[in-house]
Amino acid sequence: MHSLDVVEIQKILPHRYPMLLIDRVLDYVPGEKAIAKKNVSVNEAFFQGHFPGNPVMPGVLIVEAMAQAGAIALLTMDGFKGKTAYFGGVNKVKFRQMVKPGDTLRLEVTLDKIRGNAGLGHGTAYVEDKKVCSGDLTFMIG
């Protein structure tokens, strides 16, 4: 079992804004999968003025958190260490529930294919074992 704290995650994803980073990688297998978590705090910038009276985490940031978990699975591979993972696309994304301050997202990403500098996978985000978002993810490595 491999785990990473936020300092180690920042070293792998230095181009990501620290406040938007996932908080912990609970487990990962390079080139195969990553399981991570993100504690959703009301103090985060995306809640400031967004949905007044009913703060909800924007869906694009839920997908971003899944992408970060997938990037960890890719960038911990020997051939990709020190590189940058970019979103190549998302497909078939479904949102099933709102994510609010105080929630903890559990992010599970499985890589299905890695071809050259591209990776394809599937991500799912949960809050308290309830699926809140899922979709197919494409990554490009630069």
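## A residue of the core and its contacts

Leaving out residues up to four places away in sequence, L105 touches A36, K37, K38, V40, M57, V99, A125, Y126, V127 and V132, where contact means heavy atoms within 4.5 Å. This is a predicted model, in which local features need pLDDT of at least 70 and side-chain atom pairs count only at pLDDT 80 or more, while totals for chains, interfaces and linings use all residues. Residues are numbered from 1 along each chain as its sequence is written, and side-chain values use heavy atoms, with hydrogens and water left out.

L105 is also, together with I72 and L107, one of the residues with the most contacts inside the largest nonpolar core, which has 38 residues. Such a core is a set of buried Ala, Val, Leu, Ile, Met, Phe, Trp, Tyr and Cys residues joined through side-chain atoms within 4.5 Å; buried means under 20% relative accessible area, exposed means over 50%, and partly exposed lies in between (1.4 Å probe, protein chains only). At least two residues of this core come from each of α1 (6-12), β1, β2, α2, β4, β5 and β6, and α2 gives the most, with twelve residues. The helices (H or I, at least four residues) and strands (E, at least two) named here are DSSP runs, numbered from the N terminus.

## The sheet

Six strands form an open sheet in the order β1-β2-β4-β5-β6-β3, and their pairing is antiparallel. The edge strands are β1 (24-29) and β3, each of which pairs on one side only, and the twist from one strand to the next averages 20 degrees. Two strands count as paired if DSSP finds at least two bridges between them. In general, the strands of a sheet pair through backbone hydrogen bonds, either parallel or antiparallel.

Between β5 and β6 the antiparallel pairing runs over ten bridges, and H122 has D136 in β6 as its bridge partner. S134 counts as buried because its relative accessibility is 7%. A118 lies in strand β5 and, leaving aside neighbours within four places in sequence, is in contact with K113, F139 and M140. The C-alpha atoms of A118 and K38, which are 80 residues apart along the chain, are separated by 25 Å.

How far apart are the end C-alpha atoms of α2? They are 24 Å apart, which agrees with the 24 Å that its 17 residues should span at 1.5 Å a residue, the expected span being 1.5 Å times one less than the number of residues. The helix α2 is mostly covered, since 15 of its 17 residues are buried.

## Salt bridges

A search of the whole structure finds three salt bridges, each defined as a side-chain nitrogen of Lys or Arg within 4 Å of a carboxyl oxygen of Asp or Glu. In one of them K33 is joined to D27, with the closest N and O atoms 3.9 Å apart; K33 is partly exposed at 30% relative accessibility, whereas D27 is buried at 13%.

The side chains of K81 and D78 meet in another, at 3.4 Å from N to O, and D78 is exposed, with a relative accessible area of 69%. E108 and R106 form a salt bridge through their side chains at 2.8 Å, N to O; E108 is partly exposed at 27%, and R106 is partly exposed at 33%.

## Two residues with positive phi

Most residues other than glycine have a negative phi. K92, although not a glycine, has a positive phi of about 55 degrees; K92 is found in strand β3 (residues 85-95) and is exposed, with a relative accessible area of 62%.

D129 is not a glycine either, and its phi is positive, at about 65 degrees. Where is D129 placed? D129 sits in the loop between β5 (118-127) and β6 (130-141), and with a relative accessibility of 73% D129 counts as exposed.

Conventions. Axes fitted to C-alpha atoms, helices over the stretch in contact; angles between N-to-C directions.
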